[in-house]
Amino acid sequence: MTGQHPRDQSSRHEPQQAPYGEARWPMAAAVIAAAVLTLLLPDDLRLGPRWALPLVEGLLLVALIAGDPGRISRRSAALRAMSIALVGVLACSAIWSTIRLTDDLVHGGNETNSADALLQAGGSVWASTVLAFSLLYFELDSGGPAARAHHVPPTPALAFPQHLSPELNATHWRPRYIDYLYLGFTNATAFSPTDVMPLAPWAKIAMALQSVVSLLILGLVVARAVNVLT
């Protein structure tokens, strides 16, 4: 009878690590902040009536909290679909506002004649894109937060420094929403990856799209604001 290595035998009896999900409140706070920014936008930069998108986002958020309160650890097809739908609404809203703002800057709009109004509108649209893309990265990377609570694949879609440098890798490390928010912010300001590398095709496309959107907002808004002031 062939003997088994003691390490192989012991590994079979090692207890599996219990899933430890991320707290729900950082993600919920980001959704609420995005809804507030939508309410503050001028009517011509908003997709639909003032109350429509915040209402849809609020209903989806309440459903997610009710289905998986506290920490995000429950794997469910319905919850996953609602999370992706929420991210899709936020992303579409941010991109639509960017398109409308760009059109107003090119052809002239109500807010483009005042530097204060233009900077306020541009800042709100830019912040909305940062929140929307940070939530998109948060939801799509490695199957979403509930999946990451149970298992992180050997090759994630987004490689953080802890993945790239073994000496920095803490035991059972998982990226949290703050990591994805930082990724969304730095990608929107540097217009390129900084310390997080996109590995999956969707991650490369999403980061490239966010860089283009951010470059349009910051470049056109600042140029127009300077022109108005002078």
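The model is predicted: local features need pLDDT of at least 70 and side-chain atom pairs pLDDT 80 or more, while totals for chains, interfaces and linings use all residues. Residues are numbered from 1 along each chain as its sequence is written, and side-chain values use heavy atoms, without hydrogens and water.

The protein chain contains nine helices and four strands, which are DSSP runs numbered from the N terminus (helices H or I, at least four residues; strands E, at least two). From the N terminus, their order is α-β-α-α-β-α-α-α-β-α-α-β-α. Of the 230 residues, 43% count as buried, meaning under 20% relative accessible area (1.4 Å probe, protein chains only). Among contacts (heavy atoms within 4.5 Å) with a separation of 6 or more, 73% join residues 24 or more positions apart.

A nonpolar core is a set of buried Ala, Val, Leu, Ile, Met, Phe, Trp, Tyr and Cys residues joined through side-chain atoms within 4.5 Å.

| Core | Size | Residues include |
|---|---|---|
| Largest nonpolar core | 33 residues | Met27, Leu86, Leu135 |
| Another core | 13 residues | Leu41, Leu45, Leu118, Val221 |

Not counting residues up to four places away in sequence, Met27 touches Leu61, Leu64, Leu86, Leu135, Phe138 and Tyr177.

Methods
Buried < 20%, exposed > 50% of the residue type's maximum accessible area, 1.4 Å probe, protein only.
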